[in-house]
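Dear colleague,

Please find below the structure that I am handing over to you. My findings follow directly after it.

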Amino acid sequence: MTPPRDVAVVAFAHSERDGSADGASEPEMLLPVLREALRQAGLAPGEADFTCSGSSDYLAGRPFSFTLTLDSVGAWPPIAESHVETDGAWALYEAWVKILTGRADTALVYAHGKPTAGDPADVLTRQLDPYYLAPLWPDPRALAALQARALIDAGHLEEPPAAEAHAVLPLRAGDFPAPVDGAAAVVLAAGDTARRMCERPAWIRGIDHRIEPQAPGLRDLTDSPSTRLAAERAGAFRAPVDTAELHAPCTAQETVLRRALRLDGTVTVNPSGGALAADPVMVTGLVRLGEAAARIHRGDSDRALAHATSGPCLQHNLVAVLEAVPEGETR
Amino acid sequence: MPEILTAPLTVSFPFTRSLGPVQSAFLTGLRERTVLGVRTTDGRVLVPPVEYDPVTAGEIRDLAEVAPTGTVTTWAWNPAPRDKQPLRTPFAWVLVRLDGADTALLHVLDAPGPHAVRTGMRVRIRWAPERTGAITDIGCFEPYEDEPGEDETAAGKAGAGEDRAREAGHRPAAPHDGVFDAPVTGIVTPARLDYTYTPGRAMSRHLAALAEHRITGERCPSCRKVHVPPRGVCPTCGVPTTEQTEVGPHGTVTTFCVVNIKAKGAGIDVPYVYAHIALDGADLALHARIGGIPYDEVRMGMRVAPVWTGDARHPDHFRPTGEPDAAYDTYKELL
Amino acid sequence: MSGQRTGREPVAVVGIGQTKHAAARRDVSLAGLVREAALRALDDAQLSWADVDAVVLGKAPDFFEGVMMPELYLADALGAAGKPVLRVHTAGSVGGSTALVAADLVAARVQRTVLAVAFEKQSESNAMWGLSLPVPFQQPLLAGAGGFFAPHVRAYIRRSGAPGGVGALVAYKDRRNALRNPWAHLHEHGITLEQVRSSPMLWDPVRYSETCPSSDGACAVVLTDRAGAARAPHPPAWVHGGAMRSEPTLFAGKDFVSPRAGRDCAAEVYRQAGITDPRREIDVAELYVPFSWYEPMWLENLGFAAEGEGWKLTASGATEPGGELPVNPSGGVLSTNPIGASGLIRFAEAALQVRGTAGEHQVDGARTALGHAYGGGAQFFSMWVVGRRPPTT
């Protein structure tokens, strides 16, 4: 469906991986990131028409963890605000919908995660079917390795050399990112507001997300039909993209995504380094959207695809298509 | 700058899960060394069985028994088992399509090493000696060679393991009513997660001062309000706060309740008074227990001071100072 | 772009379902609980799973059931394979937020028919545990949510000069209302006002009978566009306004008795619905009242009574089922509290009233109703106004 309004990403900021976040609480980690994104957009704290965030109580180890980070937003006078219990990419989706309703012209979207507070290998097992899967504690690396083996068997991936140190064979330690703490923020704006805030806005030409059944034994692990469907709905296949930011927290999963998204050698994939360079869980997907937008802001891309994922073995996938030209100005 | 505090934080609970009809039949079946699947509207047999068809979303209840033997559809070698995982020694994670099933079950395979595991290999269930009706009643899978003669067709193709597997997989699942004596209707799934908690920089500063029996807040550079405890940011202005300021130690009870039920694990006898206290110089109230006065004599407006006991960082409670009560108008904005 | 596509699409509630709420629904799995409500909502709308374009799922902390992001595991039970599923968590207000996020998907014309589901299965753990997980470097002082809210009740009583017995009136009313609601958790047949007044004092000034129970339960609503509403088998409820407002947890100037986020949220939702005199124009309200005294407090916060006057409205009987402004004819949160679902139950009950399908607890002639939810440290608010007639703007 054609959206009734043009909406763009006009600002993007994320926490530095220089140790400056060490010892910070989540609000403290988030604060400089929010301030930078708002500065880029020329907004004061609390000034955005809508605010939406993504994070996870399980990652933080405490219920209602997102309530404290509201401190960094400057939510006074009270703001129109919402929260998704997942990666911030879905917060961006909710904010995009809000702007489409016409109830907001600008939105602040942010995400925060401190995976190093706990052990993600344990924590993320709690996402699984509580009767059949979670009691076995299969960590995300194990599940990704099952996916990798299926890819090797299907001839989509090379068998890794036997001599290398394996994390979970057939995957090596280097096939996975080290979890890092982080925060990211994006500002969305509609139409002329976006043009005022940003010289070269990254217009959201389409965005969609789709889920699959969870049980790995029910799925073809070598494919990602939900990614393909989301990409179709987002209009990704209508024209070639020059850039793709993929949320693949494992090398083998990037193989699955490249196939599902039909990315060939002409596409620059993960110029930011992608999720393998840094995986601030619950933030990583929003960073993909932000990095793709920033490429457009800088003039390095005209049409970029951004992808975010959630759940085991790429269960739930979001795809956005960003362009330097809005809908109304095409052709 | 004081060091950043950290402390272990454990989140642990034995969750009690009610099962519903399909999970109940499947898990009770495992207790009885019987593996059940469920038939979908299009005739596939799903193992493990689910309550709702993943394609049509329709309710599915048509159970069928499958074999305890099956074929590995994909696998991963885990050289370093974690505490809560089913086996102590290195093992393979496997998806196994049991004979008679159309989908695969996730579990673990006990094998001497990755060289002994491959996709398509035949495996069978090794039952846990003690079974309670849980997915862990399957202790693990183990490699398995089909007995010659067990399956004539397969025996005729000796050495062609995958063909044999394919044949075995065609063995139809047998309808099953899912009825067992003493069905399992609920399971307990303990889950313990360990975290390292840090309260952050501002709170670490505040807590360091508390250890010296000083109560500190931070002043917002914009609205000039003093927040106690400080969080490194002014929550209304959204700007960083850095200016430390000492508040109290005396303060005013703005409001309170009398707690008559004992919290689990809390070493406080009931009844006790839980009060909001606006410390002199602070622009919002903090929360603390009131002591040194009968619970039914605590009043709004009462003046109080902190009492530290032992080596505790936090005041144990606040006690009346004996000053005249504060007039309502002086604290009503802090309610 | 055709003229039809500009502006918001009107949003209709065409299906409503909830579970039989209980302290422990041991007869169903997590999926079974959610399905029960979802299927009832679809049946009400005479729709099938294939008619649903997207699902929005809401619940409070994942620690309550010990399943992180349960929308992942619930995807097939919710008929969501191949569809978008959005998971919302805005603390206690989440049930309301879930409906509003779903309504926005329709209003923005991103989806045509959306299923909003919210649940909590508190018997899988223990709400007291879930709400009071230890935090290092903090003193464990509180005995549950009641201990958090009781001081604010005392502050309200002091500020308004209300007589002590008003809270008991609310609890007595809501528990009797629940007797006319077959889905309600608590059915205290033969309850008397004296029993409420003499129940144990837990967090003085809040007595046992003035507190909400801990429930297992789910609620679902089907939201759709004009075309969907035209096909609906029963009269829909139309969304005339919806808003969320948040303020920080603790800050200098916070008014816990009448939080500004609540006042602002109400003002916005009335503005959208064209309501200038809520007391006259709203026929029935389903308010999130987890402790009895919050009824008079919210009556003031929501503009139904002047500051300090809310308790008079309650004491006058105006909020009784036959009164001028019936509040919580369903029995409210005081009779049913699956935390993550409670807000959506308020929203759904408001819609039932204007559809005229609330059964024994129907308020005669209800045409405009308010659904209200709040959460966190009285900092997150979500509300909608629904009406029997489609919005004119």
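Across all chains of this predicted model, the count of disulfides comes to zero. Cys52(A) takes part in no disulfide, and the nearest cysteine sulfur, which belongs to Cys265(C), is 15 Å away. A disulfide would require the two sulfur atoms to be within 2.5 Å. Cys265(C) is likewise in no disulfide, its nearest cysteine sulfur being that of Cys52(A). Are these two cysteines buried or exposed? Cys52(A) has a relative accessibility of 0% and therefore counts as buried. Cys265(C) is also buried, with a relative accessible area of 0%.

I turn next to chain A as a whole. Chain A contains 11 helices and 12 strands. Its C-alpha trace spans about 55 × 50 × 35 Å along the principal axes. For 331 residues, a compact globule would have a radius of gyration near 20 Å, and the value of 19 Å for chain A agrees with this.

Buried residues make up 70% of the 331 residues in chain A.

Chain A exposes about 9,800 Å², of which carbon and sulfur atoms supply 47%. How many positive and negative side chains does chain A have? There are 29 positive and 44 negative side chains, and the centres of the two sets lie 5 Å apart.

Yours sincerely

Terms used: Residues are numbered from 1 along each chain as its sequence is written. Chains are lettered from A and ligands numbered from 1 in the order in which they are written. This is a predicted model: local features need pLDDT of at least 70, side-chain atom pairs count only at pLDDT 80 or more; totals for chains, interfaces and linings use all residues. Side-chain values use heavy atoms; hydrogens and water are left out. Helices (H or I, at least four residues) and strands (E, at least two) are DSSP runs, numbered from the N terminus. The radius of gyration is taken over C-alpha atoms; the globule rule is 2.2 Å times the number of residues to the power 0.38. Buried means under 20% relative accessible area, exposed over 50%, partly exposed in between (1.4 Å probe, protein chains only). Accessible areas come from the Shrake-Rupley method with a 1.4 Å probe; for residues, only the protein chains shown count as cover. Lys and Arg count as positive and Asp and Glu as negative; His and the chain ends are not counted. The place of a charge is taken as NZ of Lys, CZ of Arg, CG of Asp or CD of Glu.
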